[in-house]
Structure formats: structure tokens, C-alpha cells
Amino acid sequence: MRKNPSAWPNLVLALLLLVPGGAFALPADAAKLVDQAQQQVVDYVGKLADLHCTEDVVQEKLRANNNVEVSRHFEYDYFLYMQGNSYDFQLSESRLEIGTAKPAHTSMLLSNGFSTLLLVFHPYYRNGFEFSQGPAENRDGRFVVPVHFVHISGARSPAAMALRGREYPLDLEGTAWLDASTGQVVRMDAGLAKDLTDVGLRTFKVQVDYAPSPNNTDRFMVPARAVVDLETPRQHWRNIHTFHNYKTFSAEATQDPAVKVKTPDGAADPQATPQQSPPNLKEQP
């Protein structure tokens, strides 16, 4: 994954390992639908190693009237890879730029990882949220059920903003539209449940649309489009991620036994494993 110097604090959507807590009581029908969504997400995580796609990213800096001041476009060879299994895992995002984009003369926002917003339904994250179900509705000819989610204050959050060496957990609040019969995640909108202007974040919104997996035998959905909108007291950015040309493949990798991983004290640790590179959002010079 490409790394860039950061002039603005990182906003990290970290894939944290949460300790399950007490579950929020849901009506039977709502609980069943959320259970179905959880299984869909677990299946999706288990198949990540088989998925590969192209990601188009449009970075925009907006004026005060929301008109585009500067725009850049990138194309990436993209995939998510996992260490562990569907329940005990670490995720990393790999991006290999296709072609070379011209450098911008102004700072832009670099955003990664927001396509995985559906992980709020994963067992590690689910008990950190309260869910409530709305009435079924017809969206593009498909019956879906809106499920509102709110992060439980004090519970560990899957999102955090890193600022001046400190991490500020983000309380996310939003709505997921689930297929009424299968629990598949069709769309998710989210934002801040609590104001963070005291640390320089005025607004943060993300919208993710999902589409059926390219493999007809799979039951889960894959990211199709993610829009990230962020505003500070002085800047306003919008990034649009489009995921397409999905392909399935399988790959195996082994580590060269001659390669040693060093521990902080300098000793070789033969059992050390690579660490997660968390998705993030930061200013790109």
C-alpha cells in the first residue's frame, strides 16, 4: 500500500479485534435479519482471498459553495487480503497504481478502507452497536429493510481519528439497507453520532453501495461504490471510489525460512507475523 506524508491528522477506520460484550436486545424479526447479515459478512470475509478488482478513485477538493475546486483521478489494481480465519482475522488493503497521475498543486485527501463498512455486522463489531429496524421498502425493485445502527458509548469502536499522537474513537451512526429475504447488505450510510469539532473534524459522512459477488454461487455482496465526504473548519474534500471488473482467484504464499523478523530488542522472532496496515484517511500533498 502506498504511503504518503500526512499534514492533516489520520482518520483511521481500523479493523480492531473487539471482545464480545452483552448484546442489545432486538425484536425477533430484526434479530433474525441482523443474524443473516452477520453470516453474509462472515462469508464475505472468508472469501476475500479469492476476490480481486479494479478501483477507480476520484479525489475532489470543494469550495465553500460545494463546487469542485480541484479534481484528480487514479486507477488501482485492488484487493483485500486476510490473515487468520473468518472470525479471528486481520485485514490489509493492497493498491497498485495503474499508470501515473500528474501531481496536484494542492493538498488532497487520501482515503482507504471505507468499503468495509459492512463489518459493523461482523461478530467482532456487532455487540458494539445498537440496532433498530424500520419498515420494509422497495429500492430499485428489491425489497429491503433499513436497519439503523448506533455505536454504544464506551464500547470499542471500529473507527478512530489519530491526531497529534493520540487516537480518538469515532462513534458511528447510520443506516444499512438489508435484503428482506437474505440479509445481504445492499447499501450503508454512516456519519458521526457525536460532534468532534473540538479536534478539528466538522463533518464526516460515508456512503457505500454493494453489488452481488461475481461468483453466482456466493451469497454475499461486494463493494461497488464508496463516497467519503469530510469537512474541517478550513477544508472540504470528497473522494469517490468505484470498484469494478471483479475477478476470482486463489493464491498461496509461503515465507522464506531464511528471512527473519526482528523483535524490538533485535532478536529474531520465527513466529512473528506481518502486522495489519489499517485503512486510513489523510491529507495527501
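1. A salt bridge here is a side-chain nitrogen of Lys or Arg within 4 Å of a carboxyl oxygen of Asp or Glu. Please keep in mind that this is a predicted model. By that rule, the count comes to 10 salt bridges. Three of them are walked through below.

2. Let's start with Arg202 and Glu231, whose side chains form a salt bridge with an N to O distance of 3.7 Å. Arg202 sits in the loop between strand 12 and strand 13, while Glu231 belongs to strand 14 (residues 221-231), so this contact ties together parts that are 29 residues apart in sequence. Arg202 is partly exposed, at 40% relative accessible area. Glu231 is also partly exposed, with a value of 22%.

3. Next comes the pair Asp171 and Lys194, where the closest N and O atoms are 3.7 Å apart. Asp171 is buried, with a relative accessible area of 15%, whereas Lys194 is partly exposed at 44%.

4. The side chains of Arg126 and Asp35 meet in a salt bridge of 2.6 Å, N to O. Arg126 lies in helix 2 (residues 123-126) and Asp35 in helix 1 (residues 28-46), so the pair joins parts that are 91 residues apart in sequence. Arg126 is buried, its relative accessible area being 15%, and Asp35 is partly exposed at 38%.

Key:
Residues are numbered from 1 along each chain as its sequence is written. This is a predicted model: local features need pLDDT of at least 70, side-chain atom pairs count only at pLDDT 80 or more; totals for chains, interfaces and linings use all residues. Side-chain values use heavy atoms; hydrogens and water are left out. Helices (H or I, at least four residues) and strands (E, at least two) are DSSP runs, numbered from the N terminus. Buried means under 20% relative accessible area, exposed over 50%, partly exposed in between (1.4 Å probe, protein chains only).
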